[in-house]
Structures are given as C-alpha cells and as structure tokens.
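Please open the model in a viewer and keep the selection panel at hand. The tour below moves from one selection to the next and states what is found at each stop.

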Amino acid sequence: MTKLTPNDFSSNLPIKWCPGCGDYAILNSVKKSMAELGIDHEKYVVVSGIGCSSRFPYYVNTYGYHTIHGRAIPVATGIKLSNPDLMVFVVTGDGDCLSIGGNHFIHGIRRNIGLKVLMFNNRIYALTKGQASPTTLPGAKTKTTPYGSTDYPFNPMLFAVGMRAPFVARSIDTDINGTSSIITEAAKNEGFAFVEILQKCVVFTDKEFDVFKNPETKDDMIVRIEDKKPMIFGKNRNKAIVVENNTPKIVEFDPSIVPSNLTIYDSSDVNLAYIISSLMPPEFPLPLGIFLRFAKTSYENLFYNSVKDVATPSSVEEILKESTYEIK
Amino acid sequence: MNKKTNKSVNITNKKMSVIRFAGDSGDGIQLVGTQFANATAIAGNELSTLPDYPAEIRAPQGSLGGVSGFQVAFGNESVMSPGSRADFLVVMNPAALKVNIKYLDRGSVVVANSSNFTPDNLKKAGYDSNPLEDGSLSNYRVLSVDANYLVEETLKDTGLTKSEILKTKNFFMLGVLYWIFDLPIEVTAKWIDEKFKKNPKIADANKKVLYAGYNYAENTEMFDARFNIEKGNLSKGKYHNVTGNEASCYALIAASKKLGRKVFYGSYPITPATEILHTFSKLKSKDIVVFQAEDEIAAICASIGAAYSGCLSSTGTSGPGLSLKTEALGLAVISELPLVVVDVQRSGPSTGIPTKTEQSDLFISAFGRHGDSPLVVLAARSPADCFYTVYEASRLAVKYMTPVIVLTSAYIAQGSEPFKIPSNSELKNFEIEKLPSADLFKPYMRNPETFVRPWAYPPMKGYEHRIGGLEKTNIAGNVSHEPENHQIMTDYRIGKIKKVQSDIPPTEIYGNKDADMVVVGWGSTYGAMMSAVQLANSKGIDTAFINMKYLNPLPADLGDKLNKYKKIVVIEENKGQMAFVLKGNYLVDIVSRTKVTGQPFTTEEILNIIEEEFRNR
C-alpha cells in the first residue's frame, strides 16, 4: 500500500465554515493523523452531532454520519460495538457534548467504549448565533448573557479524568502538529479517548484564545504537559508547575540552573492529571498536552470477550430446545 | 390420560376452563400462573394468559392495592383470549378474594389458602368476618386449604427457616390445581430443579411441597371432583408457550439468521417491554449484540448506528420511551436506514399506568414526528403473532430501508399462548436492494420501482459515504437546502412508504362477509373480537370482522372493502385513533367504540357492543 497523505482524506466538497474559523486547522490536524495512522479509508467512521464542528464528516472522504444534537456518542457507540474493527471518531462541540449530550458523554466514558472523541471548544453556541454554552466563562457577554454570564462553567478535563477515561488530552486549534500528534496517540490507546481542542469562533469568540496564541503572551499563558518532563513554562523558561502535597504551585528559577526537584509529569498518574486538569488562567497557565493515558480494556472488547465461548443459535428451535413440547 | 386416582371422583368434561390465581405481589403468583399455563400447553391445550399485577414490586402485604393476578384460559380451539370470567379462583389471602370475587359466576370454585385469612388480613381487606366461614360465599364452591400449616408439616425436618418454608406455599396450591385438572406435574418439578440449581435444598423443598399439594388433594375427601378439559386442535409440531415479548426477541434473531447479519438490540429498561431485553440478554453472542443504554435516546441512537454499520438493528420500548425516541426516529427516516422498533403499548399519557394495557400509541407511531416523516407501522394480534409481525417488520425494514414500528401491547407482550416453532426454511426470505459496483455507487441513488436506496456500510471498500439528518441531494447525497430538491426527497420518502402497499396481503374478512355491518379492530383485540364475532353470528347477529395488521401504509384494498358495509364499527383501546385515521383516509362514516380502563376488551364486552350496534343499525 502506498503511504497515504493528509490530502488523500479530503472529500473535496466545498467547506461551509466561516473564513478564519479554527475548524479548518483542526480538519488539517485530523487528516494528518488519519494519514499517519496507516488505516484504510473504509475503516474510518466520523460521527458528529449538531453545531458548527459537526459539519466535519462531510469534509473527510471516509464513512461519516452527521447525526442529531447531542447524540453523536450513542450513534458512534452502536457503530463501534457492532464492528470493533472500525476506527470511530466523534466530532462534537462544547454545547453538543457537554449540554444536550451530557448524559451520553458520562456514560461513554463510564463504559469505556472505544471512541475517539474530539470536542471542539469555542465556548459559545455559534451555529445558533452566539448564546452562552456550558464552557462560557463567568462574566462573558453573549446574546443570552448581556450582563455577563452568571453560570459556572463546565471543566470537561476535570470530569473526564475524574471518570477515569483512559486517554484525556487538550490542544489548541492553531497547533496543527501538536493536535495531530495527540489525535494519533488517542487513536492508538484502547478505549474512550477525550480530546478537548480549544477552537476560536471567528464571529463570536474571536479573541477568546488569543493570549494562548500571541507570541508575546503564549509562553507565559500555556504550560505544555509532557511525560517524564518537568512542567516548565514562561517566555524565559524560568517557571514551572510543581505539585507538593497535592497542591499545585508555580515556582520561578534561573533558567540556566533548572532545579532538580521539579515535579516530573507522569500521564499514568491519575491524581496528578486531576490536579493539572483544575489549573486555569489567570492563576495558572493553561495546560496543554496528554493529561492522562493508561491501559483500560474497552467496552467492546469486554463484550466480545464475555461471549467468546457462546455459540449463536442457528434457529428459534435451537434457542427453545430445552422448553419445547410436541403435539403429535 | 387421567392418572389413576384411588378414590371415587366426579369427572366433569369441559371445552375450556378459566383459572385465576391471585395473591400478594410477593406470593409468586406470576410464577405459579406461568407454570400452570405451561402445564396446560404440554397437555395439548390451546391457552391464553393474562398477567394482571401492580406496578409495585412488593406492595404492602395483604393490601387490596398489592394484589397480583394471573389468569389462564385453556381448552379446545375456541380459546382465543384469557377470558373475562373465571371458573376457578385461587386466592392466597383475603385481599385477593376481595379484589377478584367479581370475576366469578355462581357455581365457580374458590380455592383459598385459609391460613392467611387471619383477623389482621381480613381487616386489611375490609372484611368484618371471615368469608370462608360466614356463608357469604354460598354461591360458590369453596375449597379451604390450610397451606401454611401443611407446608410447615411437609418441610418440618428439612432444617429450613420458617420464612423459607412459607415461601413454598404457592407450589402447594399449584400441586392441588394439578390434581384437580390432572395436569403433568413433572414439568414444573423439572423447572424447579433448573431454577434453583444453585440451591438444591430450596429446590427439593419446593418440589416436595408441589407433590405434597397434589397428594393432599388426592387424599382429602373435600376434593371429590376432577375436570377433564378438551385439548386444542393444534397441528403437529414442536411448540413453546410463548409471551409476546419473548416472541419479539426470537423474531429478530430469526430475521438476522435469514438476512445473514448480526442482530443489534439497543434498549433501556421500561415496563412492560423489559422482557424483550431480558430475553435478548440471555442470548448474547458475537452475532447477537445487546446493548443496555443509559437512556431511551441512546438506545435508539446506538441502534441507528448499528444499522449504519450493516446490522439488522432494533430497539424496544413503551409509550414514554417512544416519546423520547421520536427525534431519533426522524433521523432514521431521513437517513433511510432499516430499524425495527417494538413499542409495547401501555396506559398513557406520561407515566400513566405502566403495567396496564392500551392501544393508544397509534397516533404517535404514525404521525408523532416533526416534518413529513413517514414510516411503516404494524400491529401484532397475539403473543405468538408478535413473532410473525416483528419478523415481517424486519423484512420490510431491510427491503424498504426504513424504520418500522411494531405495536404490541402489555396484554399480548406479557400474556402467552402456544407458538408453533417455525423452521428457518418456513420463514420468508429477505430482499435487499442490489448494491452497484463501488464506482457507480451514490448514497441516495434509488431503485426506480421501489424508490429504495442501497445499503452500503463500513468497511466496504470504495463505498465510503456520508449521511445525516440534514437534507441531502437526490442521488449524490450531499447536503442541500435547495427548494426543489427538498420537494423531491420528501416525495420520495413518502412515495417509498406508499410502495410498501404492494407487499401487503389482501385484507382478510372474518365472520359473515356478507353482513351489513363490519367491526374493525387492530392488533391485540383480535382474540376477544374473533370470539365475540363468532358468538354473534351464531346468534344470528350478522357481522363481518377485520383485524388490521398494517396500520401505515394502510392496505390498498381497505377503503373498497370498508365501503361495502352499511355500518362500520371501529373498536379499540384508546379514544378513537384508528376511527380518526379511517375517516380521514376514506371519508366513511364510522361508529367509534372504545375502552381505556387498562384492561383488555373481553369477549363479552365486544359481544355487547356488537349487539347494541346491530340493534341500532
């Protein structure tokens, strides 16, 4: 088989996202991962709900299903459970996944069905033109919160880690290489994978993530989480997150002499992942990277293992062979 | 086949008999009722059962609200419903007697566990004195059995606790009944062994008590009569006493075998449909994929996903669940994917009366979605017919790439009757729209005759395609908001369902075809209506009878057939939904006769309606 390229996964349909939307970059990241994974087109299924992000399946030339609001995870569950050989991606948004689809998000993680869930978080209901979403920050002004949002926002990372999803990661739309490498790793890990991708909405939350992108501010506002490495950040690489007695704090140091006692990140450490998930600006930089990754048998594998010695009856007569009677 | 008895007994021959078991909801009434029904089946009878139980798992002991009932009619081929009057009432306490005495006619038999007729229980049931002793039951034959004492005597040396011993009393009463009707007791003994195989001590105790009950009747002078009930006219073959819920599950498995695909059943527990999920769960395998979802919506959505990946896919539910599934049903309609939905109707609206029957989901099934959202609706007429109707639904779903709703009801889903087990070769073959070669494939290309689109699914190489809830262009299947295209696609979706008419057999007319009056029912009223129509015609009340199975689309010949009659009476367990549909479709005058008590129509009630409408014709 010739090596596939990201372009091999283009459906060549006209893309309907607004010019400048963060979704374009994420599309490129996903296509890059699909090519890297070396899986044939026909084994990919991309399932989405409703929202701007959920147009996604039309733009990759794999199998795809654009379902209804909030229901991508259960539809994808039926696909994956009926055929575990398929690589099933779910593309969803903050409203689709956390609000109307919240119950399915909970139970998808609980079961550990082998879906790779990419949640594009633009902190707004964009397709319906700008209402507050479950991730809208307190005080944010939207069409439904003209005096500033009074809702407490949903932290999906904290939730996914708390529910012990075996793969939890966060990236940002513009970082195509970083996002793509996370998606590739998500696809390789057995079971449910949750990837939050911060995505700007060019119309309603255009400046939302600028501090994480602006070369002047981003190094102080982002901390990249990498396995076996300290959580160093800052324009001068002179700060780090350390965790002592389950409490995170920022330490500063002379970058030419990196202290040897910095906390080393370990993505298999659930407690560490939980602490890192709770970090939010302005007190802390925003963590990006793979927060949690461990081996956990998937729902579909548990199901098929549990019935591996069960023969399928060949007829109704065989099902009922113990409880029939004969009229002669 | 009467077993030898050592005493002189009167033997009464009867065409049929109706037995009603009643007791506390914790007394194992459903269990002994089912065992009794199975024994009559094995004896070669036709039978029909009606479980009648409260929603509470364990209602307050001895209370009127906690009475659980189970009725079995058995006998010759005239048995078509569980009957409305009982010849035998088996009661475990005063409350059961109080609630059920109304089902007895003069001369009927009451078999009572007299041990439970304590002052306390009598008070809870509202009796001032003990009806077993005060002469108030003088119109009936009363057989008092001190069952608690008798099981304690039977099991006194077993080391079981008093509470364990008392739990066996239902089997004592069953043993008594087996003697009265001379039914095969061994079948229940075998069943007890299987049921309690992890606890042989309990199994032995129950069996001992069952036989003790039988021997007690044999050895006690009070029992001086036995009944010889006529056998059914069943054709030769292998049978199983099946409930409608079991039959629905078996049909989907049989259909998946015929189709050669996995079957997927996604469901959420809901009364009275849960037994479909239970039956499926016992049969899970790599080809029988059963998914207990987090809610009704996830259940149907997972099933739609499985249909997209090529399974024979299905879900089951009852009213409140069907309400929750409606949006996803619309997705299945626009996606044009095959999906079987079994709706076990119960009394609504809202939570309504979860354990009681009704036929009030016709409107939501045929019309209950936003947009023009057509699908196929079928109705099953009896427990065993659930098999054939769900099988037919599977066949139509795949052939026409459409969701199909099958309306059963609590009455036939939980009731049972003999089911002749079909071999695979007796079942209809499946037809699937031919899939063109990959280079010619388009997701919304259509067969010009049937308007059906082909079913390609992952991981078929070269057939990768995208579908979804947004309107798609005809043939190519890309997202489209074009006005003309929406008209075309809507017309195709409706036209395709209309084409199902070519698959519907001619409408069968029972009773006196040449009568001036026709009574029309649908689904689960079949048995009671058929019995009533036969009785009416035998009395010279000329009546034709139609039982509808195909509710959407309606059979092409139905309008003409209805129009032949001067009077059309539609009888249904809702406030006139089918009457409305038929008026709207055929502009005919219809008399609508309805009942919504949570109880199925009885033969007597239908007969009264027929007589009234005949008089007023």
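In which loop of chain B is B:Pro459 found? Select B:Pro459 in this predicted model: the residue sits in the loop between β16 (416-420) and β17 (466-468) of chain B. The peptide bond that joins B:Pro458 and B:Pro459 is cis, with omega about 0°.

Select A:Pro281 and A:Pro282, which are linked by a cis peptide bond with omega near 5°. The loop that holds A:Pro282 runs between α8 (270-277) and β11 (286-293) of chain A. As background to these stops, most peptide bonds are trans, and most residues other than glycine have a negative phi.

Next, select A:Asn12. This residue is not a glycine, yet its phi is positive, near 65°. A:Asn12 is placed in the segment before α1 (23-37) of chain A.

**The interface of chains A and B**

Colour the two chains separately and display the residues in contact. On the side of chain A there are 54 such residues, and they meet 68 residues of chain B. The area buried between the two chains is about 5,100 Å², and carbon and sulfur atoms give 65% of this area. Select A:Tyr63, A:Tyr65 and A:Tyr325 next: together they supply 16% of the area that chain A buries against chain B, more than any other three residues.

Now turn to the polar side of this interface. Between chain A and chain B, 27 residue pairs are in polar contact, with both residues at pLDDT 80 or more. Several elements of chain A give two or more residues to the side that touches chain B, among them β2 (63-66), α4 (102-111) and β12 (325-327). By residue class, the side of chain A that touches chain B divides into 24 nonpolar, 20 polar and ten charged residues.

Three salt bridges are found across this interface. To view a salt bridge between the chains, select A:Arg111 and B:Glu294, whose side chains meet at 2.7 Å, N to O.

Then select β12(A) together with strand β9 (residues 237-243) of chain B. The two strands pair in the antiparallel sense over three bridges. Within this pairing, B:Lys238 in β9(B) stands opposite A:Glu326.

**Links within each chain**

Over all chains, the count of salt bridges comes to 46. Select B:Asp182 and B:Arg226, which form a salt bridge with their closest N and O atoms 3.6 Å apart. B:Asp182 lies in the loop between α6 (169-181) and α7 (186-195) of chain B and B:Arg226 in strand β8 (residues 225-229), so this pair ties together parts that are 44 residues apart in sequence.

Select A:Phe56 and A:Phe120: their rings are edge-to-face, 5.8 Å centre to centre, with 80° between the planes. Because A:Phe56 lies in the loop between β1 (44-48) and β2 of chain A and A:Phe120 in strand β4 (residues 116-121) of chain A, the pair ties together parts that are 64 residues apart in sequence.

Key:
Residues are numbered from 1 along each chain as its sequence is written. Chains are lettered from A and ligands numbered from 1 in the order in which they are written. This is a predicted model: local features need pLDDT of at least 70, side-chain atom pairs count only at pLDDT 80 or more; totals for chains, interfaces and linings use all residues. Side-chain values use heavy atoms; hydrogens and water are left out. Contact means heavy atoms within 4.5 Å. Buried area is the accessible area (1.4 Å probe) that two parts lose on being put together, summed over both. A salt bridge is a side-chain nitrogen of Lys or Arg within 4 Å of a carboxyl oxygen of Asp or Glu. A polar contact is a pair of N or O atoms within 3.5 Å; within protein, one must be able to donate a hydrogen and the other to accept it, and residues adjacent in sequence count only if both atoms are side-chain atoms. Helices (H or I, at least four residues) and strands (E, at least two) are DSSP runs, numbered from the N terminus. Ala, Val, Leu, Ile, Met, Phe, Trp, Tyr, Cys and Pro count as nonpolar, Asp, Glu, Lys and Arg as charged, and the others, Gly among them, as polar. Two strands pair if DSSP finds at least two bridges between them. Rings of Phe, Tyr and Trp (its six-membered ring) pair if their centres lie within 6.5 Å; planes under 30 degrees apart count as stacked, over 60 as edge-to-face and the rest as tilted.
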